[in-house]
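I opened my notebook today to look up a few things in one structure. Here is what I had on screen.

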Amino acid sequence: MTAPHPPLGQFYGAPHDRERFVKDLFDGSAPWYDWAITFFSFGSGNWYRRQVLARAGLSKGDRILDIATGTGVVAREALAITPSVVGLDPSIGMLVAGREKAPLTNVQGKSELLPFRDASFDLITIGFALRHFADLDGVFRECARVLRPNGKLLILEITAPRSRLARSLLGIYMGGMVPAAAAIITRHARVARMLRYYWATTRDCVRPEVILSAMRSAGFRDERRDVDLAIFSKYSAIIPAMPARPASVSREACRSESAGTRARTAPVPAESD
Ligand SMILES: C[S@@+](CC[C@H](N)C(=O)[O-])C[C@H]1O[C@@H](n2cnc3c(N)ncnc32)[C@H](O)[C@@H]1O
């Protein structure tokens, strides 16, 4: 199991309270979410998401699943490219806030247990939400399952800089100035709390190598991270058409599989005798 960050006791009492806390956090701040991200990114957030999707090589007709869709900021940009976009999020508040902005097909659910059949999508997007999952390994396994062979996973995330100085400066901005200004402008403490949590989870998130390694363990290949403006990470990986069979699986085990199972796994090695 790979948790994206250690428990953050200053926000919720015990680790098992995290999921409830996150759901309440987004339900409560949903009406201001789009305003908040525009505010702290100086309006570049939507533009950035659009650029990334445009560069992802999407075609009209591709089936996209946007996990942790929230108000649908990524999904709306995807909808401009292909009509087949499904958003998934556990927060009903976020989904309702997004419904007023675009006619999206949304499903209430969690990334740890995707309510879709195997090989249903060509692309999965996860925009600035990986920090909120319980277990990266489980989520990536679910992504691998619902992607069709050669399907792609695309994750956008903010990565805190390694340099102590740059990290402190970003912390002063994202964890201090932005939440304080948001509280004054919106007059809602919950918006400030959401933004403080945004920074705390970014600051304490596991390093990119851990994320890439979890993708590979779940069966993804060609995993890579591209960085824009020093902090914007774009992770991508492909689910191979023929997943590699773990070395420990014996030839006898291969022989005993049904033909149906074989079709979805690696080819059985040829007989040598
Ligand atoms: C920071 S918002 C990101 C919204 C949008 N993707 C974007 O690019 O702005 C994080 C979202 O993750 C959702 N979330 C939290 N835990 C989740 C989980 N276990 N599975 C799926 N989504 C989750 C929250 O409800 C919230 O809507």
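Is the crossing of α5 and α8 right-handed or left-handed? I looked it up: α5 and α8 make a right-handed crossing. (A crossing is right-handed if the near helix is turned clockwise from the far one by less than a right angle, and left-handed if anticlockwise.)

**Before going on.** I noted that this is a predicted model, where local features need pLDDT of at least 70, side-chain atom pairs count only at pLDDT 80 or more, and totals for chains, interfaces and linings use all residues. Residues are numbered from 1 along each chain as its sequence is written. Helices are DSSP runs (H or I, at least four residues), numbered from the N terminus.

**Entry: α5 and α8.** I found helix α5 at residues 136–146 and helix α8 at residues 208–217, packed at an angle of about 45° with their axes 8 Å apart. Axes here are lines fitted to C-alpha atoms over the stretch in contact, and angles run from 0 to 180 degrees between N-to-C directions. The angle makes α5 oblique to α8. (Under 35 degrees counts as roughly parallel, over 145 as roughly antiparallel, 65 to 115 as roughly perpendicular, and the rest as oblique.) From α5, the contact uses Leu136, Asp137 and Phe140, and from α8 it uses Ile211, Ala214, Met215 and Ser217. Contact means C-beta atoms, placed from the backbone, within 7 Å. By class I listed five nonpolar, one polar and one charged residues. (Ala, Val, Leu, Ile, Met, Phe, Trp, Tyr, Cys and Pro count as nonpolar, Asp, Glu, Lys and Arg as charged, and the others, Gly among them, as polar.)

**Entry: α1 and α4.** Next I looked at α1 and helix α4 (residues 92–99), which pack at about 20° with axes 7 Å apart. That makes α1 roughly parallel to α4. Their crossing is right-handed. On the α1 side I found Phe26, Asp27, Gly28, Ala30, Pro31 and Tyr33, meeting Ile92, Gly93, Met94 and Ala97 of α4. This contact has seven nonpolar, two polar and one charged residues.

**Entry: the ligand.** Which residues are closest to the ligand? I found Ala68, Gly70, Ser91, Gly127 and His132, in a shell of 21 residues. (A residue is near if its C-beta atom, placed from the backbone, lies within 6 Å.) α1 (18–40) and α3 (73–79) each give two or more residues to this shell, and α1 gives the most, with three. The shell holds 12 nonpolar, six polar and three charged residues.

**Entry: confidence.** The mean pLDDT (the predictor's confidence in each residue, from 0 to 100) of the chain is 88, and 88% of its residues reach 70 or more. Over residues 245–273, the pLDDT is below 50. Where pLDDT is low, the predicted coordinates should not be read in detail.

Definitions and conventions. Two residues are in contact if their C-beta atoms, placed from the backbone, lie within 7 Å.
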